[in-house]
Structures are given as structure tokens and as C-alpha cells.
Amino acid sequence: MADNILDVPSGRGAVVVCSDANWAWQSSFLLMRALALDPGAALDHHLYLTGPVDPRILALLPPEIAVHRVDSLPDSFASAATGHIPAATMLRMIALEELAPRYARVIYLDGDVFQAHGALADLMQVDMGGKALAAVRDRAQWSAHERRWLRRYFDGLAQEAGIARLDYFNAGVLMVDGPQFSARGLARVAVDFHRQRPELCKFGDQSALNFALAGNWCELSPAWNWQVSQQILVLAAGQDPRLIHFTGPIKPWNDAYRIFPPEAFGAMLAFLERHDLVDLLTPEAPVHFDPGRMERVRMRKLQRWEGDEAGKRELVESYLARRDFADLRLQPTVPQQ
């Protein structure tokens, strides 16, 4: 199903991104940027792909990125597709199951994550406190005013997992402890739960992973998974996140009204231009923005995304002020001379 993986030195880490054809260039961009921001070559880089992928994308990948082709997804994965979330998101289960036995730690990234700055290798320094996974709390639990239907949903998952309260993580950025994750068969636990209890997997395999890891994960600060929404986009500048996760249906590459700050799409556009792949952009890409026709609508949208900064900050202030995140004592990676 996947290419052979050579034995790796004990203690080494890996980064993996998974995609179908729809996000193949975005996932390639993310991995190549992660590679460029890994100054000491501290991590191995892996790309899992399913479905027909433009051969030009495969041709641009450097040898430092190991490509794994998955011919087909299990039928049970299809139910994970909801709205803007494709079934291919379940590839992370295959990737984590295969890579965890070979690495001390495996860092998984969704294809709609943008690495703003810093080295992913810094995560290798985090003391996970004996837990099998490190992640960032889902933004649904950043606010003290949690929606009632979500609270009921999280309580239902907690009851199923046999714990009093479920601290629910976002699965767009994950770091697993390879030996623990592998020995406990946690990918398989999550897949089985997703197949057997789909009514409890409202957010697909993310919910299944939260069931499998309930009480067995440590919390990273939101700098490692800043989950963009209308409520918190305006607060990102003050937090200077390392990883920006475009969780909703609007992504940098289909941001037709230029709602997001330009850095992420600017880097993506430069990547596409460098590799002569600009034709892969859709008509919804920001490059097609027409000020004369679209500016008025843009201003209305910006008001929703950028308005009431003080009110939005108040909702999440206590969460952002926490000092007990596992990564806060990290020392940044210094490039080797």
C-alpha cells in the first residue's frame, strides 16, 4: 500500500501530510516549506497520497520527501467526508499507524495548515509527560461560553470513553509518541470506533481520535494550531502563531474576497509561480479579485471577520493567558553553522 520505509535512527522524528488529488499541491507546498524551515535536517518528511495526482506535482518533490501512494481508501472512510472535509483526511490513520513504530515522534499536519515561522523540530523538545499525543485544544473549547449542543456532544463522548470530562483537541496538528501510540494500537482503536459508532463521530476521525486518546494527551499552546475563524482571526497578530490552520471552508487559495492577511497565499502563489503551476488555481483564488465588482462585498465580510476585537478577545482571554501549556519552555532551534 505504501512505499517501503528504511530503518531510522532511534530518537528521530518525522513530519507527515496526507492528501488526495484535490489538495496535492497545497500539501506539497506545506511539506516543502517545512523542509526549508528545518535548518538542522532534524526531521524526515513524508507525503501520503491517494487518487490520481497531477504528475507535475510529483515531479517537483525533492528526494528528501518520501512519497507513499495509497491505491484506495477503505469503504468505512467515506463517512468521514463532511462538508469541506474530504474522506482523504482519514489517510492520517494509515500514516500514523505505519510511521509511529519507526519514529520517536511523528508530527502530522493537515494540508490547510500554513507554517508561518519557526522549525517543527522544536516540538521534539516538548515534555509530553508520558502521554501518547500532544495537540492543541479545539477552538470550540477556547471560550468560556461553550455552545450547549457542543457541550452535550462532548459529554456524550466522555461518557463513552469512561471519563468525567472530555478535553477535545483539534486533529489538524498532532504529535504522537511513536512507541506509545504504536504499542497501544491507537490508530486502530480510532478507526474501529469510527466504524462502530459513527453517530458519535460528528467531526469524523477527529472525534474518533479524541475517543481513543481521551485522557492520554498533553496540551500545546494555540501557537501550534491557530484555528482560523471569524471569532479569532483578528486576534492572531498579537499571538504570532507558528502554525495557522484554516479550518473552515475558506482557504487561502479560495479566499475570493481577500479576507485573510496576504502572507499565506503570497507564499503559496510564489511556490506555484516558481514551479509553473499557477494554472492549478481556481477562479475563487485571490488573484482573480476584481475591486470594482467585489470591494463592497469584501468590506461587509471584513466587518464580520475583523469587527468587535475587544469582545472577541474577552471570550478567549482566559484561555490565551494560560501558562500551563506543555511547549512554553521550548528553546527555539538555532540553524547549524
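I took contact to mean heavy atoms within 4.5 Å. The model I worked from is predicted.

**Helix α11**

I began with the surroundings of helix α11. Its buried residues pack against β6 (133–137), β8 (217–220), β9 (226–227), α8 (236–239) and α10 (291–306). The buried residues are Lys-312, Val-316, Tyr-319 and Leu-320. They cover an arc of only 70 degrees around the axis, so they sit on the same side of α11. I noted the helix rule that goes with this: there are 3.6 residues a turn in an α-helix, so residues three or four places apart point the same way. On the other side of α11 I found Ala-310, Glu-314 and Ser-318 exposed.

I then checked the span of α11, residues 309–320. Its end C-alpha atoms are only 14 Å apart, whereas a straight helix of twelve residues would span 16 Å at 1.5 Å a residue.

**Helix α9**

I looked up α9 next, residues 263–274, which also has twelve residues. From its first C-alpha to its last, α9 reaches 17 Å, close to the 16 Å expected. Buried in α9 are Ala-264, Phe-265, Ala-267, Met-268, Leu-269, Phe-271 and Leu-272. The cover over these buried residues includes α1 (24–36), α2 (55–60) and β5 (113–115). Just after α9, I noted that Asp-276 takes a positive phi of about 55 degrees.

**The sheet**

I traced an open sheet of seven strands, in the order β3-β2-β1-β4-β7-β6-β8, with mixed pairing. Its edge strands are β3 (65–70) and β8, each of which pairs on one side only. On average, and with direction ignored, neighbouring strands of this sheet are turned by 25 degrees against each other.

At the β8 end I looked at the pairing with β6. The two strands run parallel and are joined by four bridges. One entry I wrote down is Leu-133, whose bridge partner in β8 is Trp-217. Helix α3 (residues 91–99) packs on the sheet and touches β1 (13–19), β2 (43–50), β3, β4 (105–109) and β7 (169–177). The direction of α3 makes about 140 degrees with that of β2.

**Cysteines**

How many disulfides are there? With a cut-off of 2.5 Å between cysteine sulfur atoms, I counted zero disulfides. Cys-201 is in no disulfide, and the nearest cysteine sulfur, that of Cys-18, is 18 Å away. I also looked up burial. Cys-201 is buried, with a relative accessible area of 8%. Cys-218 is buried too, at a relative accessible area of 10%.

Methods: Residues are numbered from 1 along each chain as its sequence is written. This is a predicted model: local features need pLDDT of at least 70, side-chain atom pairs count only at pLDDT 80 or more; totals for chains, interfaces and linings use all residues. Side-chain values use heavy atoms; hydrogens and water are left out. The expected span of a helix is 1.5 Å times one less than its number of residues. Buried means under 20% relative accessible area, exposed over 50%, partly exposed in between (1.4 Å probe, protein chains only). The arc is that of the directions from the helix axis to the C-beta atoms. Two strands pair if DSSP finds at least two bridges between them. Axes are lines fitted to C-alpha atoms, for helices over the stretch in contact, and angles run from 0 to 180 degrees between N-to-C directions.
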